[in-house]
Amino acid sequence: METVIRNFQDNQVAEIKLSYSHKVKPPLMPKINSSQDASRLLRENWDEDNLGFIEEFKVMLVSRCNKVIGICNIARAGKSCVTVDIKLLMAAAIKGNCAGLILSHNHPSGNLKSSEQDRRLTGKVKEACKLFDITVLVHIILIEESYYSFADEGLI
């Protein structure tokens with residue numbers, strides 16, 4: 001993926017170019033069949049040293065057939081919370097031309113319960129995704145030894 005912005009001297013406007021390039025051919029992309037598959041792949045792509053240290057928010061982009069297009073780091077914060085910019089999340093989803101999203105963040109505290117803030121954020125992202133015909137498939141909370149799935153708990 002590449003975004004090119006050029007300033008044109010004559011018109012004083014920027015040219016914005018969006019492009020998408022994948023390095024993994026579709027037949028080789030991992031497929032997500034369950035929240036367990038998603039949590040395993042997220043864990044494999046998470047910095048283990050940060051899992052119990054600082055809170056991070058990532059989004060996994062998937063195709064219509066649940067093949068993983070990629071994982072995007074959206075936000076990184078302190079010990080107890082992370083602020084997610086929904087515009088940035090949606091920019092990644094649109095640029096990746098995905099059909100579905102798997103939201104994820106970690107709880108360094110080791111607490112597997114979802115907070116009211118977690119549930120509100122999930123709702124806001126779902127609303128934003130409706131405009132672009134993108135489905136939020138699941139929101140996963142990772143801790144060092146386990147995970148929590150909003151979808152498995154009926155919250156999606």
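The buried residues of helix 1 are covered by elements that include strand 3, strand 4, strand 5, strand 6 and strand 7, where cover is judged by contact, meaning heavy atoms within 4.5 Å. Helix 1 spans residues 35-44, and its buried positions are S35, D37, A38, S39, L41 and L42; a residue counts as buried under 20% relative accessible area, as exposed over 50% and as partly exposed in between, with a 1.4 Å probe and protein chains only. Helices (H or I, at least four residues) and strands (E, at least two) are DSSP runs numbered from the N terminus. The model is a predicted one, in which local features need pLDDT of at least 70 and side-chain atom pairs count only at pLDDT 80 or more, while totals for chains, interfaces and linings use all residues. Residues are numbered from 1 along each chain as its sequence is written, and side-chain values use heavy atoms, with hydrogens and water left out.

The five strands form an open sheet in the order 4-3-5-6-7 with mixed pairing, two strands being taken as paired if DSSP finds at least two bridges between them. Strand 4 (68-76) and strand 7 (146-149) are the edge strands, each pairing on one side only, and neighbouring strands of the sheet are turned by 20 degrees against each other on average, direction ignored. Strand 3 (residues 56-62) runs antiparallel to strand 4 and is joined to strand 4 by seven bridges, with F57 standing opposite A75. These two strands form a hairpin with five residues between them, and N66 in the turn has a positive phi of about 65 degrees.

Helix 3 (residues 86-95) lies across strand 3, strand 4 and strand 5 (100-106), and runs at about 165 degrees to strand 4; axes are lines fitted to C-alpha atoms, for helices over the stretch in contact, and angles run from 0 to 180 degrees between N-to-C directions. Helix 4 (residues 116-130) lies across strand 3, strand 5 and strand 6 (135-143), at about 155 degrees to strand 6.

Overall, the chain holds four helices and seven strands, which follow one another from the N terminus as β-β-α-α-β-β-α-β-α-β-β. Buried residues account for 39% of the 156 residues, and among contacts between residues at least 6 apart in sequence, 64% join residues at least 24 apart.
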